[in-house]
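Here is a short briefing to read alongside the sequence and the coordinates.

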Amino acid sequence: MTIGIGVLCSTQLGPHVPRPDALVMISDTMGSTDTDSTAELHKMYFFPEEQIYAVCADRLERCADLFPLIRDGMKAIQGPRSHGRILQTLNEAVHRHRSDHFKWDVILTSYAIHGEVLADRQDRMYKELGQYDVGAQILFGTFDNEGFARLYFIGRVEGLPGIVHAIAFPGFNSIGSGYYNSTVWLNYRHQNLALSVTQSAFHAYEASLLASKA
């Protein structure tokens, strides 16, 4: 079972600015191979001094080489850290990471001879590029310069273009094999970004317990 949960919430009841202004993030620590398993596989990145947080699922080694690109990009933002600049930074890091892996994993192993792609293979290669999934799923949380909490999902969403998706209302998302159970419970609990940190943390914890039954 793998589960990552990200929830937007608020430190004050009732309308206030900024809102939401808090994040709750949960991940499991289980990991398995063909021959072994461990409860010490940590899947969360936690940098409060930089106000960046993430939980990961799917191919964790791919998440591990993507996250430093995101972190470096966030550090390099010039001027106010706005939603637009955060979104641009995430997309730049994600597409650089995806392009590099497509080159190493697909082009150089299946299409290129001495570094050159033959003309009759290019159409097939571009078609495969459109379908290529690097296998990294990340819920990324941060705060903009006005104090708003921001949550983004990095990964494929069926029926939607792009790889980086902003999570707005109701303000939560789940990843991993337990995502369906988790999402059902958060919907059942009417989780939304106006709820308190305590209540949101409790709902996310309940959702993680249900996800563990996946």
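Please keep in mind that the model is predicted.

- Serine 10 has a relative accessible area of 1%, so it counts as buried, the limit being under 20%.
- A polar atom of the serine 10 side chain lies 2.8 Å from the backbone oxygen of leucine 193.
- Beyond its neighbours within four places in sequence, serine 10 touches His16, Arg19, Pro20 and Asp21, and also Leu193, Ala194, Leu195, Ser196 and Val197.
- The peptide bond from valine 17 to proline 18 is cis, with omega near 0 degrees, and proline 18 belongs to the loop between strand 1 and strand 2.
- Arginine 19 and proline 20 are also joined by a cis peptide bond, with omega about 5 degrees; proline 20 is in the loop between strand 1 and strand 2.

**Nonpolar cores**
- The largest nonpolar core holds 29 residues, and Leu66, Ile70, Met74, Leu90, Ile138, Phe140 and Ile154 have the most contacts inside it.
- At least two residues of this core come from each of strand 6 (52-58), helix 1 (60-75), helix 2 (83-111), strand 9 (136-143) and strand 10 (149-154).
- Helix 2 is the top contributor to this core, giving eight residues.
- Another core, of 14 residues, lies apart from the largest one and includes Met25, Ala149, Leu151 and Leu193.
- Setting aside neighbours within four places in sequence, methionine 74 is in contact with Ile52, Arg81, Ile86, Thr89, Phe140 and Thr142.

**Helix 4 against helix 5**
- Helix 4 (residues 179-188) packs with helix 5 (residues 197-211) at an angle of about 145 degrees, and their axes are 8 Å apart.
- Their crossing is right-handed.
- Helix 4 contributes Asn181, Ser182, Trp185 and Leu186 to the contact, while helix 5 contributes His203, Ala204, Glu206, Ala207, Leu210 and Ala211.
- Of the residues in this contact, six are nonpolar, three polar and one charged.

- Glutamine 51, although not a glycine, has a positive phi of about 55 degrees.
- Glutamine 51 is placed in the loop between strand 5 (44-47) and strand 6, and at 36% relative accessibility it counts as partly exposed.
- Histidine 190, also not a glycine, has a positive phi near 55 degrees.
- Histidine 190 lies in the loop between helix 4 and helix 5 and, at 63% relative accessibility, counts as exposed.

Key: Residues are numbered from 1 along each chain as its sequence is written. This is a predicted model: local features need pLDDT of at least 70, side-chain atom pairs count only at pLDDT 80 or more; totals for chains, interfaces and linings use all residues. Side-chain values use heavy atoms; hydrogens and water are left out. Axes are lines fitted to C-alpha atoms, for helices over the stretch in contact, and angles run from 0 to 180 degrees between N-to-C directions. Helices (H or I, at least four residues) and strands (E, at least two) are DSSP runs, numbered from the N terminus. A crossing is left-handed if the near helix is turned anticlockwise from the far one by less than a right angle, and right-handed if clockwise. Contact means heavy atoms within 4.5 Å. Ala, Val, Leu, Ile, Met, Phe, Trp, Tyr, Cys and Pro count as nonpolar, Asp, Glu, Lys and Arg as charged, and the others, Gly among them, as polar. Buried means under 20% relative accessible area, exposed over 50%, partly exposed in between (1.4 Å probe, protein chains only). A polar contact is a pair of N or O atoms within 3.5 Å; within protein, one must be able to donate a hydrogen and the other to accept it, and residues adjacent in sequence count only if both atoms are side-chain atoms. A nonpolar core is a set of buried Ala, Val, Leu, Ile, Met, Phe, Trp, Tyr and Cys residues joined through side-chain atoms within 4.5 Å.
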